[in-house]
Amino acid sequence: MSHWSTRRAQVEPTAALVAVFAVAVGLTLYAGALDSLPAAEDSRRVAEPTLSRVHESLTASGVADPAELSDTLAAGPDGYHVAVTLAADGERWRVGPAAPPTAATAARPVSVRIAAGVVVSGRLRVEVWS
C-alpha cells in the first residue's frame, strides 16, 4: 500500500452517523440530568442578598430592634421561604417557618437594642429555601 492511499483513515458513513447520534444522545441526557438537580446553588446565591435586605430593613436607625423582626420577612425574594433569627445577650428572636436542613444560610454581626439605652453585640442570620 502506498503512502498516499485513498482508503487511509476513512470511516463508513453508517458508522459515522451512529457515532454522531450516540454523542448527541449522551449530551441530551447529561443536560437533562443537570437540569433536574436541586436548586441548592441558586438558594446559596440568594442568601447573601436576602441578608443584606433584612439588615437594611432591621437596622434603619443603625441598631436592630427585636420588636421589628417580623417586618423583615417581606425582604425575602419571591418564590422563596425565609426565616430570620436575631441572637444577642443570651436571647434569641426568630420569625418565619422552620427551615429544612438544606436551606442556604447567611449571617453577620449586628448591634441589638435589648432595652431602652442598652445596646449589645448580636448576630443576624437568615435561612432561605425554595
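**A close look at T50**

Guide: Setting aside the neighbours within four places in sequence, T50 touches A75, G76, P77, V82 and V128. T50 itself sits in helix α2, which spans residues 40-58. Its relative accessibility is 0%, so T50 counts as buried. Please keep in mind that this is a predicted model. The chain has a mean pLDDT of 83, with 81% of its residues at 70 or more.

Strand β4 covers residues 118-129, and G122 is found in it. G122 is buried because its relative accessible area is 11%, and the cut-off for buried is under 20%. Beyond the neighbours within four places in sequence, G122 is in contact with A87, A88, R108, P109, V110 and V112.

For contrast, turn to F21, in helix α1. F21 has 57% relative accessibility, so this residue counts as exposed. Together with V25 and L29, F21 forms a nonpolar patch on the surface, and the accessible area of the three comes to about 310 Å². Do read that region with some care: helix α1, residues 13-35, has the lowest confidence in the chain, at a mean of 73. The highest is in strand β2, residues 91-95, at 95.

Notes
Residues are numbered from 1 along each chain as its sequence is written. This is a predicted model: local features need pLDDT of at least 70, side-chain atom pairs count only at pLDDT 80 or more; totals for chains, interfaces and linings use all residues. Side-chain values use heavy atoms; hydrogens and water are left out. pLDDT is the predictor's confidence in each residue, from 0 to 100. Helices (H or I, at least four residues) and strands (E, at least two) are DSSP runs, numbered from the N terminus. Patches are made of residues with over 30% relative accessible area and no salt bridge: like charges are joined within 9 Å, nonpolar side chains (Val, Leu, Ile, Met, Phe, Trp, Tyr) within 5 Å. Accessible areas come from the Shrake-Rupley method with a 1.4 Å probe; for residues, only the protein chains shown count as cover. A salt bridge is a side-chain nitrogen of Lys or Arg within 4 Å of a carboxyl oxygen of Asp or Glu. Buried means under 20% relative accessible area, exposed over 50%, partly exposed in between (1.4 Å probe, protein chains only). Contact means heavy atoms within 4.5 Å.
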